[in-house]
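Biologist: I'm new to this one and would like to learn how to read it. Could you take me through it feature by feature?

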Protein chains: 2
Amino acid sequence: MLQGKVLIAQGGGPTAVINQSLAGAVLEARKHAAVKHIYGALHGINGIVNEDFLDLGLETRRNLDAVANTPCSALGSTRDKPDVKYCKEIFKVLQAHEIGTFLYIGGNDSSEALRILGEEAKKADYGLKGIHVPKTIDNDLMVNDHTPGYPSAARFVASAFAGVDKDNAALPGVYVGVVMGRHAGFLTAAAALARNHKDDGPHLVYLPERDFSMESFVSDVKSVYERLGRCVIAVSEGIHDQSGALIVTKMAKQVEKDAHGNVQLSGTGALADLLCAAIKESSGIKRVRGDTFGYLQRSFLGCVSEVDRKEAREVGEKAIQFAHQGHATGSVTIHRVGDYAAEFRLSPLDAVAGKTKVMDDAMISKSANDVTKTFIEYARPLIGGGLPEISRLDAANRVEKILGK
Amino acid sequence: MLQGKVLIAQGGGPTAVINQSLAGAVLEARKHAAVKHIYGALHGINGIVNEDFLDLGLETRRNLDAVANTPCSALGSTRDKPDVKYCKEIFKVLQAHEIGTFLYIGGNDSSEALRILGEEAKKADYGLKGIHVPKTIDNDLMVNDHTPGYPSAARFVASAFAGVDKDNAALPGVYVGVVMGRHAGFLTAAAALARNHKDDGPHLVYLPERDFSMESFVSDVKSVYERLGRCVIAVSEGIHDQSGALIVTKMAKQVEKDAHGNVQLSGTGALADLLCAAIKESSGIKRVRGDTFGYLQRSFLGCVSEVDRKEAREVGEKAIQFAHQGHATGSVTIHRVGDYAAEFRLSPLDAVAGKTKVMDDAMISKSANDVTKTFIEYARPLIGGGLPEISRLDAANRVEKILGK
């Protein structure tokens with residue numbers, strides 16, 4: 001039975017629907033009379049150590065609903081990764097505030113933080129219920145069919161490529177769009193959902209699941225350009241060569257790393273500029289443009305998949321339900337049980353924590369520069385409906401030339 | 001009376017609603033029994049010279065409506081600017097196909113092309129009706145209160161900043177978002193429409209209407225960062241120093257220019273990276289991120305202001321009506337006649353052609369790093385409704401510290 005104080009925190013990179021999970025957990029916890037308080041820690045586990053708590057039980061229903069619709073962690077986030085010392089600090093605070101249940105909404109790093117915390121709690125004989133609530137636009141959590149945040153980010157990427165492809169058709173040239181995703185290509189692959197007609201872009205898709213060769217890349221681009229007079233390309237920020245070295249580091253003067261040792265990939269246009277320069281230099285094509293989609297992918301207001309919105313709400317509710325059922329630890333996971341239907345389970349934390357799921361081989365074309373139908377069928381139900389019906393003018397209605405030009 | 005053949009073309013940078021104008025013109029022209037054919041030229045005036053025409057009269061109503069909802073010039077666009085020789089080539093084709101009315105949907109460059117074409121037509125004693133249909137995300141056409149394409153692009157920029165501001169609040173640091181707009185700051189200024197609460201970002205807005213000083217910029221950023229612990233900045237791609245030199249050229253190795261002599265500003269992340277580096281170097285702030293919004297601003301699928309959608313349709317319809325009323329030349333212009341109501345007039349081509357409107361002084365703060373209420377009141381009705389209600393958690397509900405950390 002759920003009782004005492006519940007604490008909720010949000011970690012890692014924000015998503016468009018991460019506050020749906022927060023609202024879902026808060027509203028579900030409020031149903032239980034034995035729950036004394038529902039606290040929110042500001043900026044993840046950092047807020048626990050600093051005792052920076054908000055009493056979420058005092059939030060009005062209307063404001064909670066508005067917060068749920070607001071992109072990016074309303075409690076604030078953190079990239080902190082706790083070690084044993086950090087965990088001891090956390091315990092002190094949890095004990096002092098008599099917190100019995102802790103929900104951490106986050107990705108791989110956050111679930112790993114929860115796992116370490118759980119181990120330390122056991123050693124310290126502290127009875128903590130710790131439930132991980134999934135979110136990540138990268139879609140790279142093990143066990144899960146997909147993770148909340150991904151469908152909305154995928155909708156953004158698909159909508160972006162649907163647009164830039166038409167832009168590129170109007171003013172032909174080469175266009176490179178760099179998409180987030182360090183190790184997993186799911187988000188970059190979503191660019192392919194923009195295609196309707198056979199020759200729609202993106203014409204090439206490069207994923208971190210495959211080694212990247214600048215030579216093959218330029219040759220692929222030239223080949224598409226010769227065929228169509230234009231070329232739209234989706235590239236993952238995490239592309240690397242055979243040795244595993246990131247392509248972006250090949251030009252970066254100064255490589256910035258975060259607390260997890262990850263190289264900074266977002267917040268810079270370096271990779272797009274590097275790839276555009278390579279195309280210009282070796283192909284002689286003049287109009288070569290590159291965009292880096294950046295933070296808009298995970299935060300853009302109003303670009304939300306309805307499937308994602310509902311599921312993100314549900315994983316928050318489910319986390320509270322699992323805790324109420326007596327589970328001491330675990331990660332809420334999403335499983336596809338129909339076309340399309342999903343159900344939620346509680347999986348062991350160590351099946352998810354600190355691990356990275358990448359795209360199945362069946363989702364990637366043999367040529368390593370596109371996705372397969374398997375991926376399209378996997379991703380299409382996730383991004384939701386309601387996008388405008390779009391089309392092109394009928395090219396068959398050509399007017400006969402008089403001057404024969 | 002409208003009769004014979006009508007030709008429509010689209011020029012310059014695409015917008016999210018440019019095909020609404022196309023559909024509006026085609027459907028309005030179809031009402032007139034004396035109109036024999038409605039042609040569309042592929043890739044602007046380039047398609048006239050090459051006799052690349054589609055018969056738009058054969059389009060189904062359903063497909064036209066889908067095309068209208070599709071971002072970016074369905075007929076294709078061009079950056080070509082005709083000289084006398086080019087115009088003579090155009091005449092040959094217009095005469096051969098007996099085209100009496102030409103609608104050119106475009107911005108400053110397109111209206112200037114139409115003006116030159118009109119002069120040459122007069123010299124050649126060719127009875128051509130030439131009507132300019134406005135579009136530009138830059139909002140920089142003279143006479144107009146605003147131009148079709150701007151409201152949707154402004155909605156995109158506002159939605160983007162609403163999101164990245166929450167992202168920046170969750171993971172604090174400095175964020176620089178570079179927005180399109182060579183000479184006019186209207187689109188960059190739209191970032192300010194993202195603000196709800198007093199301390200919401202963007203906290204600083206830099207426009208091409210004011211000289212940019214790197215020193216003041218860094219000092220402004222430091223000051224906001226000290227006050228709020230974070231800083232979100234909107235910067236126009238067209239910012240320049242006192243001498244008029246573009247800031248982006250200060251680092252660019254190779255500057256690319258188009259047929260109009262314009263330096264390439266979009267399709268590269270150079271400016272954002274340059275500004276981020278300047279902030280890091282001189283402030284010591286560690287988390288500094290930059291995005292360049294790029295082509296998504298004018299093409300993103302599904303981000304359309306309903307005001308823009310309707311007005312873009314209307315300017316196309318009005319162009320045909322003005323031609324039918326017997327006007328030989330002119331530019332359809334939008335005038336604000338209420339709060340909010342607009343009407344459409346036909347203005348002399350040379351009042352619009354080749355000129356650039358910039359933001360009123362009253363719209364720019366005296367500090368030169370923000371917009372005023374005048375701008376907000378001007379722009380707010382344009383971007384349309386239907387954005388999600390968003391909010392933040394109530395910071396007053398702080399839980400009392402026990403350990404006093």
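Modeller: Strand 5 (residues 129-134) of chain B is mostly covered, with six of its six residues buried. A caution on reading this: the model is predicted, so local features need pLDDT of at least 70 and side-chain atom pairs count only at pLDDT 80 or more, while totals for chains, interfaces and linings use all residues. Residues are numbered from 1 along each chain as its sequence is written, and chains are lettered from A and ligands numbered from 1 in the order in which they are written.

Biologist: What do "strand" and "buried" stand for here?

Modeller: Strands (E, at least two residues) and helices (H or I, at least four) are DSSP runs, numbered from the N terminus. A residue is buried if 20 or more other C-beta atoms lie within 10 Å of its own, exposed if 12 or fewer, and partly exposed in between, with C-beta atoms placed from the backbone.

Biologist: Which residues cover the two faces of strand 5 of chain B?

Modeller: On one side sit Lys129(B), Ile131(B) and Val133(B), on the other Gly130(B), His132(B) and Pro134(B), and all are buried.

Biologist: Which way do strand 4 and strand 5 of chain B run, parallel or antiparallel?

Modeller: Two strands count as paired if DSSP finds at least two bridges between them. Here strand 4 (residues 99-106) of chain B runs parallel to strand 5 of chain B, with six bridges, and Thr101(B) stands opposite Lys129(B). Right-handed means that, with the strands pointing away from the viewer, the path from the first strand over the helix to the second runs clockwise. Strand 5 of chain B is also joined to strand 10 (residues 329-338) of chain B, again parallel, by three bridges. There, Gly130(B) faces Thr329(B).

Biologist: How many residues of strand 1 of chain B are buried?

Modeller: Six of the seven in strand 1 (residues 4-10) of chain B, so that strand is largely enclosed by the rest of the structure. Strand 1 of chain B pairs in the parallel sense with strand 2 of chain B over five bridges, and with strand 4 of chain B over six bridges. Strand 1, helix 1 (residues 18-30) and strand 2 of chain B form a right-handed β-α-β unit.

Biologist: Now the pair of chains. What rotation superposes chain B on chain A?

Modeller: Copies are superposed by least squares on the C-alpha atoms of residues with pLDDT of at least 70 in both. A rotation of 180° with 0.0 Å of shift along its axis does it here, at RMSD 0.0 Å. The two copies are thus related as by a two-fold rotation axis. Among chain B residues, Gly269(B) comes closest to that axis, at 2.1 Å (C-alpha).

Biologist: Why do the copies meet through the same surface?

Modeller: Because 100% of the interface residues of chain B are also interface residues in chain A.

Terms used:
Contact = placed C-beta atoms within 7 Å.
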